[in-house]
Amino acid sequence: MEKIKIYTITHKKFTCPRDTIYHPLHVGHALAKDLGYPGDDVGENISEKNCYYSELTGLYWIWKNEKDAEYLGLCHYRRYFVNQDGFTMNETEYMDILSKHDVIVSCPRMVEGSYYEEYKSAHSIENLEKTGEVLRELFPDYAEDFAQVVHGKKLYIGNLFAAPRKLFCAYAEWLFAIFFELEKRIDVDSYDEYHKRVFGFLAEELLMVWVRHNKLDYYECRFGCTQEKAETLELKHKLRELVAQQKFTEAREWFYGTLEKRPDVVLEVSDISQELEPMIQIIHTCEQEQALGLPCMAELSLDLNVLLTHHKVLKQIIWNISCGAESEKEISYLIDSHASWAAIMMVLLNQPEYGGQLVPLLNRLAEVFYGHGAYGNAGAFLEQALQREPDNPKTLENVRKMAGEG
């Protein structure tokens, strides 16, 4: 019998850690194209319910079919428990923790309000409330623990955990007893693809209800991501394709259409490099520049990676201007790259730190561009300033000065 097996749940091709404790498991295999990994559709299984249960069809399969390890764990194709140096944990590190604690769970994210409010903002709160109803009917002694966890400030992510086989299976038996009853009370087929994964979402916090009620000593372990979410990578690839074809409106529509179906693609744990926000700003900018007949950012390059670098440089230069620390080289870059007022406004309006100082900064930008002969941009910045504060003395002074010199 093996000491420990950590099942790596996947629905995409990935590079599995080399350590032999990690075992790929293709969830939803019953209805998916084979990836070459063992699937969750052999033996006793609920593989066909993967669109509702997400990684939990893997949890169910492990519970019902895995007989060869003393300790069991669940991680994802891109999300793993890591040690203090940020490396994927090995057998020795797992066993060291489990020799001192009953279970390993993921480090939580702290929320401002409560888990209840966080869930309500992203999902149907009725499902969480119905979960509480079922739990009180089937396991009434868990009710107080459920209330404390749901109204607490910790948010656990991904259903990652590891435990001795006995505890692992006890949790699975408890969880699926609740969910199989809950299935009868939730019309999951009325949901879109993302929200159909309701049981996967609910389980993230139920794990801690079970842990707390059973007074288990748990270790909150750091987790790291080895790659971005597959759907996030697919979205970025599509946006790069559309920008290369100068299809900016289609790119914008594709982004928001994807976001409506999969709001998780922009989460920090999905978009690790945090590129999607600047990508959509660039796309919006190019679309606006085309519509207004302005010099277009896309004239620099149709490679979105190049434009991301340009956007980053713009942000830094604008920040330096706001601090009065801009260099002549930076101003030359703005002029030579034909940065339009629309591109700069996109940066300003997406940086909350400029909110209270926007009109003074618009005046400063007008002065900078006017001083370098870019009169169109200068006038546009003054117009933007007037729209926000029509009676601002500095703006009116600049209007008179530039009109008089003009």
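The legends below describe close-up views of a predicted model.

**View 1. Helix H13 and its buried face.**
Helix H13 covers residues 328-336, and Glu330, Ile331 and Leu334 are buried in it. Looking down the axis of H13, the buried residues fall within an arc of 100°, so they line one face of the helix. An α-helix has 3.6 residues a turn, so residues three or four places apart point the same way. The cover over the buried residues of H13 includes helix H12 (304-322) and helix H15 (358-371).

**View 2. The other face of H13, and the residue that follows.**
Glu328, Lys329 and Asp336 are exposed, and they sit on the face of H13 turned away from its buried side. Just after H13 comes His338, which takes a positive phi of about 55°.

**View 3. The largest nonpolar core.**
This core has 58 residues, and Leu59, Trp174 and Phe179 have the most contacts inside it. Helix H8 (residues 198-213) supplies the largest share of the core, eleven residues. In soluble globular proteins, nonpolar side chains tend to be buried together.

**View 4. The surroundings of Leu59.**
Leu59 is one of the residues with the most contacts inside the largest nonpolar core. With neighbours within four places in sequence left aside, Leu59 is in contact with Leu74, Phe161, Phe168, Tyr171, Ala172, Leu175 and Phe176. Apart from this core lies another, of 51 residues, including Leu242, Val265, Ala298 and Tyr354.

**View 5. Leu239 in helix H9.**
Leu239 belongs to helix H9, which spans residues 230-244. Its relative accessibility is 0%, and buried means under 20%, so Leu239 counts as buried. Not counting residues up to four places away in sequence, Leu239 touches Ala251, Phe255, Leu276, Met279, Ile283 and Leu304. Arg136 is 103 residues apart from Leu239 along the chain, and the C-alpha atoms of the two are separated by 47 Å.

**View 6. Thr8 in strand E1.**
Strand E1 (residues 2-10) contains Thr8. Thr8 has a relative accessible area of 0% and is therefore buried. Leaving aside neighbours within four places in sequence, the residues in contact with Thr8 are Phe14, Cys16, Tyr22, His23, Pro24, Leu25, Cys75, His76, Tyr77 and Tyr80.

How values were computed: Residues numbered from 1 in each chain as written. Predicted model: local features only at pLDDT ≥ 70, side-chain atom pairs only at ≥ 80, totals over all residues. Heavy atoms only, no water. Buried < 20%, exposed > 50% of the residue type's maximum accessible area, 1.4 Å probe, protein only. Helix = DSSP H or I, 4+ residues; strand = E, 2+ residues; numbered from the N terminus. Arc of directions from axis to C-beta. Contact = heavy atoms within 4.5 Å. Core = buried A, V, L, I, M, F, W, Y, C linked by side-chain atoms within 4.5 Å.
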